[in-house]
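Reader: I've got a structure open and want a quick tour. Can you walk me through the chains?

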Amino acid sequence: MNDFIRYTIAGLTLGSMYALIALGYTLVYGVLQLINFAHSEVFMTGAFGSYIVVDTLVGGHGRQNGFMVVVVLGVGLITGALSGAGAAWLLERVAYRPLRRRGAPKLAFLISAIGASFFMSQLAGKLFNRQKNNSFPNFFDNRVLFSIGEADVRLLQVIIIVAAVVLMFFLDRLVQKTKLGRSIRAVAEDAPTAALMGINIDKTISRTFVIGGALGGAAGFLFALFSSLSYQMGFFPGTKAFAAAVLGGIGNPRGAMLGGLTLGLVENWSVMFLPSQWTNVIAFAVLVLVLMFRPSGILGERLGRAA
Amino acid sequence: MNPALAFLRSDSGKRLGACLGLGVALALMTGATGRQDDYLYAIKEDLFTFHLIENLLIGVVVWLLFTFWPVIRRYLTRPGALGLLAGAMTVIVAQTVLGWYEPEDAKFSGLATLVGDTNGISALSSAFFGWLAWAQLIAVIVVGAAALVLRNRALFWVGAAMAVAAAIIASQAHKKVDELAGVVDHATGVTVAVWGYLTIAVALAIAAISTDDVARTREFVNAVLGWRPGFALGAAATALALYSLGVSSWFAPKSLNATLADVHSLFKGTSLAPIAVQYFIWLSWALVIVAGALVLVAAYFRSIILGIVGAAAAAVGLVITMISIHAITSLAANSENTYATKGPWQNLGDGAWWTCASFLALAAAGLVVAQSALKGRSATAADAAHDPSAGPRFLYAPGATLAVLGAAAAAAIFIPPTLEPSWQTALVTSIGIYMFLAIGLNVVVGWAGLLDLGFIAFYAIGAYTTAYLVGSLPVKPPFELPVLWAIPFAIAVCLIAGVILGFPTLRLRGDYLAIVTLGFGEIVRLVAVNSNGITNGPRGTEDQVPHPVINLGFVKFTFGLDQLPYWYLLLAVMVIVIIFFRRLENSRTGRAWAAIREDEVAAQAAGINPVKYKLLAFAIGASTSGIAGVLFATNVGFFNPDNFKFEFSILVLAYVVFGGMGSLPGAIAGAAVLTWLPEFLRDQVPSEDRQMYIGAVLVIMMIFRPAGLIPAKRRATELRGHGPDSAESQAVPAGGGLGGSYA
């Protein structure tokens, strides 16, 4: 039972990050009907961007007092989101928009996105380094906040879950209530008609990328806090977040949140039955199974009808 | 509005911004490598030094090229322009990248320093390596460019003459250095530079004669090839053979470079087979002259019989040449003196192999003559004039395809022995294997239009199947097989794996398929990493996978560490696969694939079962990859899951896309170029950075030339898109909002 609680908490932590990344996939899919293969690299950029700023700010001083923790968190989330958003904006400009203007077929978009993903990851490898063991300064010292039974709940886990939930709440409001959200939904529903209604499609697509990129970049910061950061860090979380998006119903933001949490939980619960090195295999197996039996996901696919 | 601001908001200004962005990207790409102790180190080094300015200048040059493209294009399409450009690039590459002096392993600049430090060097050499090399290149380019701009015939001739003189100066200057040092130098730099200058000379000479306003390279090439089918190839082959017989090195153990005549005196009085003795005195010349004359006369008179006789004579010449070179090398292998070779076929000079290649090409030329004469004596280049509906075909002259194939076969068979061992290794382990994989992936992506991102998984399955069957894994098979017998099993296992993966997923949309195959590729790799008991985990194969043995009863050949035999094995399998795919492409199946790729619903309505055909493509691609896996496993002996990372799937995809999706020659050429280039630039570009450039190449190709290097006929029309009106070809309408802004 204690194991179960422990794994559930870990699963919620991981799952909330998957959900944040999955939102990027799902939003872009909603407006473009394309998988943004390079989103995992947007996530990675967010992690590196926030690391550089936070590291310059506080240096590797280890444990910080309460005030600094808040500062680090705020700065990290903001810089992560900013670098993720910037990367996503550039990505859309360079790898997607020229193809869209030429009316290229879908395969060309996919290949261009894969090329961009490859490029970004390897460029990060060159610029920063190709080691796999870079880690964030440890600000929180694995402090235990409280315990449920004998299962400890750590400060970091709480921070990640809370931050993710807050971000997701704001995103949901943004998509549902704001003018921008309305235009995103309109483009997703029917782009030509949306254009007739006076919506600037190019701008909307660009902004969708930026929003997805900001969430992914913030997730990159959170992920790097409890794991490590490397130029290839995007691959597994990215693929799994995509699986999560499909699981919840790609194109549907609430589905992505649900799918992310589900996948995080399934992955962690599986450790109770199988050795931990099989977790990655399980995530992919879940993806294949979902696609086989319910390709439209748990909540269905439409961004426009998410409300 | 402020004029500066207005400029920035204009299309040209935006383009300048993009080009400066390109400059920044280039600065980051080519700059310093990061450090773990200081994450900002590389960025600081790249962006706050002179390095950034250099790359921004490149960006500005690109912007100027874009902005003045209509003007530049007018000059570039003039006769001779492309030749001048290509030749100049060749010389530049030769003088920056290639080796110029083998004993010191020096490039041009290295040799220049050496020459500067040496006394008693000839005036020509010291001038050439001091300043003349670059000065003459610039002079040739300036004169050539001036001739192009002014369209002055005399100036063209002056440029051509200067290029020839430059070629002579370069070769003489280099020769003098070698003579002074008294060494044997196999460095390629000077040869390539001379070829570059000769290219310029030929291009400028053609431009001087030409009366056209625009270059018609395609028409010119086809006119040459089609004038008398087979003549051009025959003449080139004869010339190469005569050159090899007269000048080139035939026998090069240690520090010897013996020409044909030297070989004769070297082996005088030994127990050399009589036919080889005669060969080195006169037979070689006689064979070349007879076969060459027969083929050329046959080509001129379009005679079927003479063509076949010429081909037969060339074949006889090839056999006798091979007997003779085998005789000298095996004799020398058993001798004790200083000219002992490492074994039969070893230590031969370039000339020996070039002569073999020439004979093969001559035989091909004879067949070209016979074939095109059979097709109709009246067929000329003019008759077979380019049919515009045939799509973007480069070679349409009668017999041209066969002639190119013959030349390619001669090169593929007889050039590799002249390469250095490191290049032979590269040829097999990276170029050959990846060509094979690209051919396989081309079926899946190019023909059936299924994006497979886990292609390397089948390669891994093939390799592990082989390792299992020969008993190199911890789990032992019921009976151990010789390694080449693993091929059918690998094909079968990969077929089954392909069907198992494909059956449930091929009903899905294209992008889902991509991600599922990606997942599958990772699952295969992770299983290989994690199942210690079966695959020996990350440590890789337990025992060596044995090298193959070919035993046909009368001949027995054991492969070893020498890479060359693997190349021939690979080539043989590849040729079989290519012929099979070639037949498949235009069969019912191939057409079904094209139909599904272009419109699945319409194809279904026409009675094609998409799942069945997609599955077939998937399985065929998978089994090709499996064969490549077998050949890889037996070549390297030991391998581990790291050989099958996700990156490699992307690399193969990049090769197919770069070459031209759906085009078999494209896939081969794409893989060849993109695997050759990094090997070629090994000293210039860190090997870890290759993948970065590959990624950039993918994006750029998709933006500017989605159909690839050698576009497939059917595919080219499709990838060009259907303009902004057609809804089904786009993800989203291209126009911005109320439209018209980019119309």
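Reader: Start with chain A. In what order do the elements run from the N terminus on?

Author: This is a predicted model, to begin with. From the N terminus, chain A runs α-α-α-α-β-β-α-α-α-α-α-α-α. In total, chain A holds 11 helices and two strands.

Reader: How compact is chain A?

Author: As compact as a globular protein of that length, because its radius of gyration of 19 Å is close to the 19 Å that the globule rule gives for 307 residues. The C-alpha trace spans about 60 × 45 × 35 Å along the principal axes of chain A.

Reader: And what share of the residues in chain A is buried?

Author: Buried residues are 63% of the 307 in chain A. For a residue, buried means under 20% relative accessible area.

Reader: What about contacts in chain A between residues at least 6 apart in sequence?

Author: Of those contacts, 80% join residues at least 24 apart.

Reader: OK, those two strands. In which sense do β1(A) and β2(A) pair?

Author: Antiparallel, over four bridges. Strand β1 of chain A covers residues 144–148. Strand β2 of chain A covers residues 151–154.

Reader: Who faces whom? Which residue is the bridge partner of A:V144 in β2(A)?

Author: A:R154 is the partner of A:V144. A:S147 stands opposite A:D152, also in β2(A).

Reader: How many residues sit between the strands in that hairpin?

Author: Two residues lie between β1(A) and β2(A). In this hairpin, A:G149 takes a positive phi near 60 degrees.

Reader: Which residues of β2(A) are on the covered face, and which on the uncovered one?

Author: A:A151 and A:V153 are on the covered face. A:D152 and A:R154 are on the uncovered one. In a regular strand, side chains alternate between the two faces of the sheet.

Reader: Charges next. How many positive and negative side chains does chain A have?

Author: Chain A has 25 positive and 13 negative side chains. The centres of the two sets lie 9 Å apart.

Reader: Switch to chain B. How many helices and strands there?

Author: Chain B has 30 helices and four strands. Its radius of gyration is 28 Å, close to the 27 Å from the globule rule for 743 residues, so chain B is as compact as a globular protein of that length. The C-alpha trace of chain B spans about 80 × 80 × 70 Å along its principal axes.

Reader: What percentage of chain B is buried?

Author: Buried residues make up 49% of the 743 in chain B. Chain B exposes about 33600 Å², and 67% of that comes from carbon and sulfur atoms.

Reader: How far apart are the mean positions of the charges in chain B?

Author: They are 11 Å apart, for 44 positive and 42 negative charges.

Conventions:
Residues are numbered from 1 along each chain as its sequence is written. Chains are lettered from A and ligands numbered from 1 in the order in which they are written. Side-chain values use heavy atoms; hydrogens and water are left out. The radius of gyration is taken over C-alpha atoms; the globule rule is 2.2 Å times the number of residues to the power 0.38. Buried means under 20% relative accessible area, exposed over 50%, partly exposed in between (1.4 Å probe, protein chains only). Accessible areas come from the Shrake-Rupley method with a 1.4 Å probe; for residues, only the protein chains shown count as cover. Lys and Arg count as positive and Asp and Glu as negative; His and the chain ends are not counted. The place of a charge is taken as NZ of Lys, CZ of Arg, CG of Asp or CD of Glu. Two strands pair if DSSP finds at least two bridges between them. Contact means heavy atoms within 4.5 Å.
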